[in-house]
Every structure is written in C-alpha cells, then in structure tokens.
Amino acid sequence: MTIVIDRKWWKESVMYQIYPRSFMDSNNDGIGDIRGIIDKVDHIASLGVDIIWLSPVYMSPNDDNGYDISDYTKIHPEFGTMEDLEELLNILHSKGMKLIMDLVVNHSSDEHQWFLEAKKSKDNPYRNYYHWYPGKNDQEPNNWVSFFGGSAWEYDENTDEYYLHLFTRKQPDLNWENPKVREEIYKMMRFWLDKGIDGFRMDVISLISKPEDFGDGDISEFNKLLIQKYANGPRIHEYLKEMHEKVLSHYDIMTVGEGPGITKELANDYIGKDRNELNMIFQLDLMFIDFGPEGKFDYQPFKRREVKQLLMAWDHALGDEGWNNIFLDNHDFPRLVSRFGNDKEFRIQSAKLFAILLLTFKGTPCIYQGTEIGMTNVKFDGLSEYRDVETLNMYQKYVVEGDMNEADFLKIAHIQGRDNVRTPMQWNDSENAGFSEGDPWIKVNPNFREINVEKDKESDDSIFSFYQDLLHFRKNNLALIYGSLTDHDPDHDFVLAYSRKLEGKGYFIICNMSNESLDYHLPNNLDLNKILKSNYSDSTILNSKATMRPWEAMIIRIET
Ligand code: TEU
Ligand code: CA
C-alpha cells in the first residue's frame with residue numbers, strides 16, 4: 001500500500017542555529033559577526049545541514065543581545081553590513097542551503113522610533129503601537145510579572161501611565177490589536193522575503209495576542225500565568241492567518257514559531273496542515289522541564305523518563321496533522337550534553353547518543369552551534385563574568401531582593417543560565433579558541449583546549465564526523481523523515497526505544513540515557529539483526545538481546 005507523503009523541503013531539512021555574537025569574530029572586536037559566519041560557511045556546509053537559523057543581527061541596544069530591536073531593516077554595525085548579509089545569503093543559496101532569520105515582533109526595543117514617539121504623549125499617533133495603562137492607586141495596572149523577573153509594567157512619568165513588557169523594561173510589547181502595527185510588520189517581513197531569505201523563526205509568537213481581561217493573573221506559578229494570560233490569546237489565529245494570507249503564502253518559505261505556553265493540545269491549531277498559519281513550532285514543554293513554580297531559576301531536577309514521555313507525547317499529539325521540530329538546546333537553554341547527557345566521563349558517547357536521537361526522531365531537527373562537537377556548559381567563577389540579562393535580573397530577584405546567597409545562586413546559574421550556550425564557538429586551541437584575537441564579549445569556556453572543532457575533527461571519536469555520517473544517512477533514508485514512529489518501551493525509566501517505518505523499510509533505535517550498563521531485550525515481533533549505526537565501535541546484539549553500555553545508542557535495521 002503506497003502511503004501518500006506530503007513532501008516539503010523543510011520537512012527533509014536539518015536546521016543549524018547560529019547565535020552570531022558568539023560564532024566567529026572576523027574583525028577582532030570581540031563580537032562575532034556576519035563576515036565571521038561567511039569565513040566559516042564551509043564548516044557548516046561540510047556538516048551536511050540544510051537551513052541556517054540566524055539569531056538577530058538587526059539594530060539593537062543589546063539589552064537582550066539583539067532580541068530588542070530598534071530598527072528591523074538595518075544590520076547592527078557590530079555584525080557588519082547589509083551587503084555582508086546579502087553575501088552570506090548568496091553563498092548559502094549557491095551551496096543549496098537556506099537562511100531563515102529571527103522575527104521578533106512580540107516586542108520592539110524601547111529605542112525603536114515607534115516607542116520614542118509613543119512615549120511622547122498620550123495622543124501621539126504611535127501611542128497605541130504599545131500597551132499603555134493607567135496605574136491603580138499608584139500601583140501597576142495588574143500583578144503580571146516578566147519572564148525575566150520583576151513586574152511586567154514600567155511606569156512612564158512623562159505621561160503618567162505604565163507600559164507592558166513581558167521581557168525586559170527595554171522590550172515594550174507591541175500592540176497587535178492595532179492594524180497599523182500589523183501592516184508595519186508585514187511590510188518589514190516582505191522587505192526581508194523580497195531579499196530572498198527562506199523564512200522566519202518567530203520569537204515568542206504565541207504571546208502576540210493579549211487577553212481581553214487585563215486583570216490580575218494567577219502568579220502562584222509562572223507557567224499558570226503564562227498559559228492563563230500571556231499565551232494563545234483570543235486573536236492569535238486571526239493574526240497568524242492574516243500574516244499567512246498577506247505575506248507568508250506569497251513565498252516558498254518555512255516558518256517555525258517559538259511557542260512558550262503552546263500546549264501539545266493546542267499545537268495543531270498553529271501548525272495543522274490546513275490551518276494556513278505556521279509550518280512548525282519550537283515547543284518549550286521539554287525546555288521548561290526543570291522549571292519550578294517560579295520558572296527557570298526555581299530549578300527542579302527532571303527525571304529521564306520525563307524527557308522520553310514529553311518527546312513521545314508531542315509526537316503523538318501532532319499525529320499526521322502537524323509537523324514536529326526536534327531540538328534539545330538553543331541560545332536560551334543549557335548545552336544538551338550537560339543538561340540531558342553526561343558531560344564528564346561520557347561526554348562523547350552521550351553527545352553522539354543525542355545526535356542519533358535528534359536525527360532519527362520524527363520531525364525537523366535543529367542543531368545548535370557547538371553541539372556538533374559536544375560543547376558543554378561553562379562554570380563561571382563569579383557574577384561579573386555573566387552577561388545574560390535573564391541571569392542578572394534573576395540575581396537581583398533572588399539575591400539582592402531575596403534571601404538566596406550568591407554561592408547558591410551561582411550554582412543555579414551554572415546549571416540553568418543562558419550564558420552556558422553563549423560562550424564563543426570553540427574552533428581550535430589557540431587564544432580565545434580561535435573565535436577572536438580581540439577580547440571576547442563573554443569569556444571562552446576554559447575547556448576549549450580539550451573541546452574544539454580542530455581537535456574533534458582529528459579524533460577517531462569525532463562527534464562532528466558522527467553527525468556528518470548520520471546527516472548523510474538520514475537524508476538518504478526517507479523512513480527516518482516520513483516514517484511512522486512507534487514507542488516500544490514507554491515504561492522504561494531511561495532507555496528510549498522506538499522504531500521508524502515507511503513502506504517496508506524500517507529502523508529500530510535504542511538509546512540508553514544513563515550511566516548504567518544493561519542487557520536490553522529487543523522486541524521479538526521485529527526481525528532485528530544488523531546494527532547500522534552506533535556510538536560505540538563494538539556494539540552487539542545477540543539472540544534478541546542488546547548489550548547496552550552507558551549512553552550507548554544504536555540504529556538497527558528492521559528486516560521486513
Ligand atoms: O525566548 C523566550 C522564551 O520563552 C524563553 O526561551 C526565555 O528566553 C527564557 O529563557 C525562559 O526562561 C525568546 C528568545 O529566544 C530569547 O532569547 C529572548 O530573550 C526572548 O524571547 C525575548 O525576546
Ligand atoms: Ca566582530
């Protein structure tokens with residue numbers, strides 16, 4: 001029976017995220033730049049990925065490292081020029097690769113012209129490009145809090161009103177109720193799409209529609225407030241359908257929306273194939289797995305079983321209706337080998353295990369810069385070495401205004417902080433890991449002499465080569481792209497065992513996500529005999545039993 005496959009280039013692609021500030025510095029000012037990316041394009045192309053997601057390179061005061069945009073159609077000089085961007089785009093296209101850029105339109109910078117106008121007076125034509133509210137008895141309009149700690153409201157003395165900012169006070173939320181705002185954004189999107197970019201990653205797109213009721217929310221748990229008041233607002237699908245109709249549908253592009261607060265039950269409302277909204281979402285349930293009631297810095301260790309359950313539950317929820325996106329780290333969350341693997345005695349094995357998971361699970365994979373060589377979290381010595389506004393704001397909340405001591409806070413920052421994934425890309429063992437001959441904007445991870453691209457590529461145990469081989473394997477096996485996914489061991493605490501099947505071709509994948517060794521009994525209803533890929537050189541299966549060592553993973557052919 002031939003299955004009808006709805007083939008799309010973005011379903012068959014693998015994404016690679018670049019955080020430009022930390023990727024490669026070509027002019028030695030300590031800040032990564034577009035010219036640096038151009039210099040390293042061959043590294044990315046040789047890996048075998050297809051789409052680059054470029055985090056923001058637009059004009060910004062860098063309160064949130066570019067996620068606070070003051071001019072959406074201008075390149076920040078520290079990253080280079082528009083010509084540099086166009087050159088990068090042309091080079092990628094000449095290599096058959098694609099470029100998607102970050103669309104950050106839930107908020108702008110408070111230094112954007114729109115906001116500079118809006119705050120001049122209550123009757124300024126730009127006033128309701130943002131959300132302004134009078135206080136209540138000299139208090140904020142309601143009890144909403146920012147993702148980054150503190151109130152979500154900032155008082156503006158000049159006009160005696162508060163403005164809403166779900167992130168920093170320098171990131172005022174845009175008012176999507178205002179059709180002028182939407183038209184400005186659509187115009188900006190066309191500016192970039194007409195240049196030939198291949199789509200957008202849409203920053204916190206689930207937050208752009210605000211609730212009708214601006215009353216107090218349930219602040220007992222951040223996630224409750226997120227779902228109750230911030231995410232999936234009443235007009236979200238109207239806006240996305242309008243965006244699709246007015247902009248997206250006119251181009252052969254890909255869209256992936258970052259979806260804080262999008263539950264798996266709501267996901268297909270955004271990405272269902274006939275919804276005419278987005279192609280994919282970056283779901284954050286897995287990324288928020290160890291968030292306690294107060295959020296990320298209220299750290300609650302997760303169980304490996306929960307990782308398995310979330311991965312499978314989302315696949316099941318999307319079914320054949322929505323197309324998944326599989327990622328295990330990005331510029332906002334700790335390094336996957338430190339968070340989900342073992343970055344000490346089993347760094348290489350666990351990094352490779354997650355390469356197998358990322359590239360054989362169902363959905364478009366996204367690899368974050370440095371993951372291809374198993375870069376790890378960083379343990380900075382003191383607060384002065386941290387750069388991320390989220391971490392610094394949380395220090396203010398927990399240490400300055402709270403009763404946590406600095407040492408305990410730094411322990412959490414080491415586990416959860418976003419600087420973990422923002423230290424410079426480690427190219428070689430020369431000064432600053434070959435990232436810059438200047439003074440890097442953030443300290444290089446001291447382990448760069450052991451962990452760097454050059455050293456990894458020379459190693460017999462190369463993680464980069466393992467990714468290269470798997471990427472090639474995936475591209476040539478549609479069963480790993482369009483095949484069904486079946487969970488063969490939902491109850492096991494730390495072994496992930498699933499199969500992928502398409503028209504008679506099939507693969508059985510086992511991942512031992514633990515420091516334990518075990519004999520794993522293979523399902524007897526599958527004829528499994530040939531190990532095609534493994535992260536140990538001598539993996540064996542005998543009489544339907546796989547001897548699994550710590551962090552061992554393998555891809556076994558299903559004979560049909
Ligand atoms: O992130 C929003 C988000 O939901 C979280 O990832 C958030 O950044 C935080 O880490 C949760 O504790 C997006 C961008 O990816 C992030 O870099 C920006 O800081 C944020 O939006 C605001 O633009
Ligand atoms: Ca630079």
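Mentor: Let us begin with Asn 232, which touches Ser 206, Gly 261, Ile 262, Leu 266 and Tyr 270 when residues up to four places away in sequence are left out; contact here means heavy atoms within 4.5 Å. This is a predicted model, in which local features need pLDDT of at least 70 and side-chain atom pairs count only at pLDDT 80 or more, while totals for chains, interfaces and linings use all residues. Residues are numbered from 1 along each chain as its sequence is written, chains are lettered from A and ligands numbered from 1 in the order in which they are written, and side-chain values use heavy atoms, with hydrogens and water left out.

Trainee: Where is Asn 232 found, and with which side chain does the side chain of Asn 232 make a polar contact?

Mentor: A polar contact is a pair of N or O atoms within 3.5 Å; within protein, one must be able to donate a hydrogen and the other to accept it, and residues adjacent in sequence count only if both atoms are side-chain atoms. Asn 232 sits in the loop between α6 (222-230) and α7 (236-246), where helices (H or I, at least four residues) and strands (E, at least two) are DSSP runs numbered from the N terminus. Its partner is the side chain of Tyr 270, at 2.6 Å.

Trainee: Is Ser 146 buried or exposed, and which backbone oxygens does its side chain reach?

Mentor: Buried means under 20% relative accessible area, exposed over 50%, and partly exposed in between (1.4 Å probe, protein chains only). Ser 146 is buried, at 4%, and belongs to the loop between β6 (132-133) and β7 (153-156). Its side chain reaches the backbone oxygen of Leu 166 at 3.3 Å, and a polar atom of that side chain lies 2.9 Å from the backbone oxygen of Phe 167. Among the residues that Ser 146 touches are also His 165 and Phe 222.

Trainee: How many aromatic pairs does a search of the whole structure find?

Mentor: Rings of Phe, Tyr and Trp (its six-membered ring) pair if their centres lie within 6.5 Å; planes under 30 degrees apart count as stacked, over 60 as edge-to-face and the rest as tilted. The search finds 39 aromatic pairs. Phe 23 and Trp 427 form an edge-to-face pair, with 5.2 Å centre to centre and 85° between the planes. Phe 23 lies in the loop between β1 (15-18) and α1 (34-39) and Trp 427 in the loop between α13 (406-416) and α14 (453-458), so this pair ties together parts 404 residues apart in sequence. Phe 23 is buried at 0%, and Trp 427 is buried at 4%.

Trainee: Which residues are the closest to ligand 1?

Mentor: A residue is near a molecule if one of its heavy atoms lies within 4 Å of it. Ligand 1 is surrounded by 21 residues, the closest being Asp 64, Asp 203, Lys 296, Asp 332 and Glu 390. Oxygen atoms of ligand 1 lie 3.0 Å from a polar side-chain atom of His 107, 2.9 Å from an N or O atom in the side chain of His 331, and 2.4 Å from a polar side-chain atom of Asp 332. Taken alone, ligand 1 exposes 490 Å², of which the protein buries 99%; accessible areas come from the Shrake-Rupley method with a 1.4 Å probe, and for residues only the protein chains shown count as cover.
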